[in-house]
Amino acid sequence: MTSRSALIAAVAATLLALPAHADGPYRNPDNKSVYDASEGTYPVPYKKPTVAEITAALNRIRGYMDATTPTRVVHKDSGVQISDFSKPAADAIVEPSSAEWGIQIYEMGIVHAGLIKAAAATGDRKFTAMTARHFQFMADKLPYFTAQEQQFHLQRNNSFARVLEPRSLDDAGSMCAAMIRAHFANVGPDMRPFIDVCSNWVYKKQFRLPDGTLARQRPQAVSLWADDMYMGVPALAEMGHLTGQQEYFDDAVKNVMQLTQYLFNPQLGLYTHGWSSNNPDAPRFYWARANGWAVLTMSDLLDVLPKTHPGYPKVLAQLRLALRGIAEQQSGTGLWHQMIDRHDSYLETSASAMFTYVIAHAINEGWISAATYGSIAQAGWVGLNTRINARGQVEGTCVGTTLASDHIYYYNRPTSVDALHGYGPTLLAGAEMIRLLNNPQIDIQVRLRTYHYVPKDAGATNYSHE
């Protein structure tokens, strides 16, 4: 090996060995010319990711979540495990997670969606073992917690309250969609008793506007939240997928388009977080995760909506508009800001993961151009990867956030590794990036110190003049 080759190899090895969480500057190791004065330095490790690297990151997340989501029943005060399920105990609960999340909350539905996608992308069924464990536990223990409720009337203090008596879209929609996806992926037991309850809530019991738009009675008497696209529409769409009944698809499309009419700003290409009927012309606040919920919803709907449905081209056109607006707001780290249009707000993980996933997925499905959006998705993953620590925790995720009316609140929401909102979307993003890197229709070229996603049917490129 020549001295020059040895130097290049040593520099490349050093760069690759740098921890993902170290502050830059980073040099791009895909540029093998270490003496190239035109190569910049970056605040994140700017390089084309590999399938092996992404798979390793996803496995860290999976391992952390598997270790921190127990499926045991314990006595509430003592923590002693219950093994006799012949008679319910009043203080019996599902053992709390050390990471402060539960196995039946809506965020866990997105985790299961991500695990199912990761299994499909990697071919590794270990990713769905946690989904199978959670759902088997729920199926096995439903009779016990049903009997507990009948005897002691614990209501919301019953660990199965969300599935025994849903009271909101948060209780019902996301997990309903996840259970149906698990059914189609042949993961876990038959969850139809749960699906029947949660889908009935979304379709028939959830509070709505007179025009049928999914709504809430908080924080104002009649409010719309962009979040509720995801909390309701994918469940409706998956019920259409499961049953073949057109009315579910019709309701899903109607809600996407009507919520868009209320919440989407076509000038900015962004969704405001919410709308209240008593002040329809109020100032608008463009929270990033609200936009994430919106585009994730449209992507999930298009995955199962028949292309012959009259709403298909409308939803697709709206998704394209929203992705263009979102892409224009991406930061120089690949991540997006907490208030997506306010670049002095902090960089937030969960929304960035949703955007990265939907952009990559839309490319893979042929909904948007790889030439335009491929490097945007790649940059999103580069930024996201810096948020996955060695334990598999996902850092920098905004905690639960209500519909608010001032920027001080949004700007200063805490972030936490215990905010489950970041885990499912990051699993989704990594799985879809694996698909994108393996997409046989796209040639990823490293040219002029950056990345070009070139469709293989778009003609040959020519760099002979360089």
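This is a predicted model: local features need pLDDT of at least 70, side-chain atom pairs count only at pLDDT 80 or more; totals for chains, interfaces and linings use all residues.
## Helix 12 and helix 13

Helix 12, covering residues 349-364, and helix 13, covering residues 370-385, have axes that come within 9 Å and cross at roughly 145 degrees. The crossing of these two helices is left-handed.

On the side of helix 12, the contact is made by Thr-349, Ser-352, Ala-353, Thr-356, Ile-359, Ala-360 and Ile-363, and these meet Ala-370, Tyr-373, Gly-374, Ile-376, Ala-377, Gly-380, Trp-381 and Leu-384 of helix 13. By residue class, the contact of helix 12 with helix 13 divides into 10 nonpolar and five polar residues, with no charged residue present.

## Cavities

In terms of residue class, the lining of the largest cavity divides into seven nonpolar residues, one polar residue and one charged residue.

## The largest pocket

The largest pocket has a volume of about 530 Å³. It is lined by 25 residues, of which Ile-93, Val-94, Arg-156, Asn-158 and Ser-159 are the closest to its centre.

Strand 4 (92-94) and helix 5 (161-164) each contribute at least two residues to the lining of the largest pocket, and strand 4 gives the most, with three residues. The residues of this lining divide into 11 nonpolar, eight polar and six charged.

## Gly-240 in helix 8

Gly-240 is found in helix 8, which spans residues 227-243. Because its relative accessibility is 2%, under the 20% limit, Gly-240 counts as buried.

When its neighbours within four places in sequence are left aside, Gly-240 is in contact with Gln-245, Tyr-248 and Phe-249. The C-alpha atom of Gly-240 is separated by 9.6 Å from that of Asp-251, a residue 11 residues apart from it along the chain.

## Backbone features in loops

Most residues other than glycine have a negative phi, and most peptide bonds are trans. Against that background, the peptide bond joining Arg-218 and Pro-219 is cis, with omega about 0 degrees. Pro-219 has its place in the loop between helix 7 and strand 5 (223-225).

Glu-100, a residue other than glycine, has a positive phi near 70 degrees and lies in the loop between strand 4 and helix 3 (106-122). With a relative accessibility of 65%, which is over the 50% limit, Glu-100 therefore counts as exposed. Arg-449, also a residue other than glycine, likewise has a positive phi near 70 degrees, and this residue lies in the loop between strand 11 (442-447) and strand 12 (450-455).

Definitions and conventions. Residues are numbered from 1 along each chain as its sequence is written. Side-chain values use heavy atoms; hydrogens and water are left out. Axes are lines fitted to C-alpha atoms, for helices over the stretch in contact, and angles run from 0 to 180 degrees between N-to-C directions. Helices (H or I, at least four residues) and strands (E, at least two) are DSSP runs, numbered from the N terminus. A crossing is left-handed if the near helix is turned anticlockwise from the far one by less than a right angle, and right-handed if clockwise. Contact means heavy atoms within 4.5 Å. Ala, Val, Leu, Ile, Met, Phe, Trp, Tyr, Cys and Pro count as nonpolar, Asp, Glu, Lys and Arg as charged, and the others, Gly among them, as polar. On a 1 Å grid over the protein atoms alone, a cavity is a set of points where a 1.4 Å probe fits but cannot get out, and a pocket is an open set with protein on both sides within 12 Å along at least five of seven lines; lining residues have an atom within 4 Å of a point. Grid points are joined across faces, edges and corners, and a volume is the space filled by probe spheres set on the points. Buried means under 20% relative accessible area, exposed over 50%, partly exposed in between (1.4 Å probe, protein chains only).
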